[in-house]
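Here is a brief report on one protein model. Look at the helices and their charged side chains first.

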Amino acid sequence: MIRHLITKSVSGRDIYVVDTTPLYEVNTKLSHISSNINQIAKIANTTGTINQKDIEDIKEMQHKFAWDIFEIMKLLGRG
């Protein structure tokens with residue numbers, strides 16, 4: 001990483017500093033969503049049924065996650 005910065009600096013090329021916090025936050029949310037879906041799948045496989053509230057919760061999490069991705073794309077100038 002440092003070598004790359006020094007090379008760019010010496011060659012006169014631009015160095016960009018990027019705040020990756022939103023990416024880490026989205027990654028954490030994706031992990032939580034995956035965990036929730038796995039827990040729901042285990043229950044559904046055990047009982048043979050799935051709760052309507054669980055389905056609504058998954059939809060809500062997916063909607064929030066999609067919005068977070070959209071916000072990141074806007075930050076990157078692609079949204």
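In which helix do K64 and E60 lie, and how many residues apart are they? Both lie in helix α3, four residues apart, about one turn of the helix. An α-helix has 3.6 residues a turn, so residues three or four places apart point the same way.

The model is predicted: local features need pLDDT of at least 70, side-chain atom pairs count only at pLDDT 80 or more, and totals for chains, interfaces and linings use all residues. Residues are numbered from 1 along each chain as its sequence is written, and side-chain values use heavy atoms, with hydrogens and water left out.

**Helix α3**

Helix α3 covers residues 52-75 and has 24 residues. Helices are DSSP runs (H or I, at least four residues), numbered from the N terminus. From first C-alpha to last, α3 reaches 35 Å, close to the 34 Å expected at 1.5 Å a residue. That expected span is 1.5 Å times one less than the number of residues.

N51 caps the N-terminal end of α3. A side-chain oxygen of N51 lies 2.7 Å from the backbone nitrogen of K53. After α3 comes G77, with a positive phi near 80 degrees.

The buried residues of α3 are I58, M61, F65, D68 and I72. Buried means under 20% relative accessible area, exposed over 50%, and partly exposed in between (1.4 Å probe, protein chains only). Helix α2 (21-47) is included in what covers these residues.

**Salt bridges**

A salt bridge is a side-chain nitrogen of Lys or Arg within 4 Å of a carboxyl oxygen of Asp or Glu. By this rule the count is four. Among them are these:

| Pair | Closest N and O atoms |
|---|---|
| K29 and D68 | 2.6 Å |
| K64 and E60 | 3.0 Å |
| K74 and E71 | 3.5 Å |

K29 forms a salt bridge with D68. K29 lies in helix α2 and D68 in helix α3, so this pair ties together parts 39 residues apart in sequence. K29 is partly exposed at 38% relative accessibility, whereas D68 is buried at 16%.

K74 and E71 both lie in α3, three residues apart. K74 is partly exposed at 41%, and E71 is partly exposed at 28%. In the K64 and E60 pair, K64 is partly exposed at 48% and E60 is partly exposed at 43%.

**Helix α1**

V10 is found in helix α1 (residues 2-11). Its relative accessibility is 72%, so V10 counts as exposed.

Terms used:
Helix = DSSP H or I, 4+ residues; strand = E, 2+ residues; numbered from the N terminus. Contact = heavy atoms within 4.5 Å. Polar contact = N/O pair within 3.5 Å; in protein donor to acceptor, adjacent residues only side chain to side chain.
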